[in-house]
Amino acid sequence: MTILFLSLMLSGTFALGISDVLRKKYLTDGLDDQALLVITLFLTGILLLPVLILVGLPEIKNGFWSAVAITVFINLISQNLFIRAFKLSEVSLIAPLRLIVPPLVILTGFLFLNERPSPVGVVGIFITMIGLWFLLSGGKHSEPQGRQSIDKGVAYGLAGSVLFAISFPFDKIAVVKSSALFATFLIFTFLGILTLLLNILRERKFASVVISSLSQHFKANLLISLFSSIGAVLTNQALSYSLAVYASSFKRLQALWTVIIARKFLEEKEAGRRVMATILMFLGILLSIFWN
């Protein structure tokens, strides 16, 4: 189960990292952030429909629908905050802000799932976060919009990360009460539809903006959604094989992949102390997963 958990998380977080970088690239190219959010949320879910039809619907247990409703409601806000953060600041600055999620999940996992990580597991989580922070926080970011824009982007990213920590236990409940495939399909499809409706209430012409963006930038929207869909299913499937707090800790490798890929393709910078940071990161992972 540990090998399966690690395989799912490594491949899933890598796919999510690619999705993050593509999202920033196309935002920089001038795509409307709200249209991009609506389309990619909806497609992330709907791309899973053919697979779901093939494998069939899972058994839906008590507590599933309430968990879905809660996580959708929270993510309506957090996903919007993060897309705004990506628009305002470099992805290699915003992605590491998710590192605050695992320490917070220690609390939310206890409150909502009654999960109690061992003392060694808690130490491992914090070592992992320290290692990743050393790796990711030392870069120099050249942001054309200026300091005020960066600060605003960071504020959005931090607020979104806190909300992700609150929704994470409900993501796990939705998965274990049905299946990773069905829960991911339903959550993201609902998120896309509801985000569309909220934007239409705010601006009546928004539907035409979405249609225009989808027709003019279909490949961009499809690429982001494809990697997001793969990454979301794989990481959600991993939730069945670990405590939420350990899964949340390992899922933060998404930030590592995002910064590495961003440096390669977006020419963004990251910290140079890789050897020590990587040793710390994997020591924390070993402590939190293998020794518990």
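A residue is called buried under 20% relative accessible area, exposed over 50%, and partly exposed in between, with a 1.4 Å probe and protein chains only as cover. The legends below use these words throughout. The structure is a predicted model, in which local features need pLDDT of at least 70 and side-chain atom pairs count only at pLDDT 80 or more, while totals for chains, interfaces and linings use all residues. Residues are numbered from 1 along each chain as its sequence is written, and side-chain values use heavy atoms, with hydrogens and water left out.

**Figure 1. The chain as a whole contains 14 helices and 0 strands.** Helices (H or I, at least four residues) and strands (E, at least two) are DSSP runs, numbered from the N terminus. Read from the N terminus, the order of elements is α-α-α-α-α-α-α-α-α-α-α-α-α-α. The chain has 292 residues, of which 54% count as buried.

Figure 2. A salt bridge is a side-chain nitrogen of Lys or Arg within 4 Å of a carboxyl oxygen of Asp or Glu. The whole structure holds 3 salt bridges. An α-helix has 3.6 residues a turn, so residues three or four places apart point the same way. D20 and R23 are both buried. Another salt bridge joins D29 to K25, with the closest N and O atoms 3.0 Å apart. Because its relative accessibility is 34%, K25 counts as partly exposed.

**Figure 3. A salt bridge connects D33 with K87.** The closest N and O atoms of this pair are 3.5 Å apart. D33 belongs to helix α2 (residues 33-46) and K87 to helix α4, so the pair ties together parts that are 54 residues apart in sequence. K87, in contrast, counts as partly exposed, at 43% relative accessibility.

**Figure 4. Helix α4 (residues 64-88) has a kink centred on N75.** The kink is about 30 degrees; the bend at a residue is the angle between axes fitted to the seven residues ending there and the seven starting there. The expected span of a helix is 1.5 Å times one less than its number of residues. The 25 residues of α4 should therefore span 36 Å, and the end C-alpha atoms are 35 Å apart, which agrees.

**Figure 5. Aromatic rings pair at several places, with 6 aromatic pairs in the structure.** Rings of Phe, Tyr and Trp (its six-membered ring) pair if their centres lie within 6.5 Å; planes under 30 degrees apart count as stacked, over 60 as edge-to-face and the rest as tilted. F14 and W257 form an edge-to-face pair, 5.5 Å centre to centre with 80 degrees between the planes. F82 lies in helix α4 and F164 in helix α8, so the pair ties together parts that are 82 residues apart in sequence. F82 is buried, with a relative accessible area of 3%, and F164 is buried at 15%. Elsewhere, F64, W65 and F182 form one aromatic cluster.

Figure 6. Helices α6 (101-113) and α8 (147-176) each supply at least two of its residues, and α6 gives the most, with 5. F110 is located in helix α6 and is partly exposed, with a relative accessible area of 38%.
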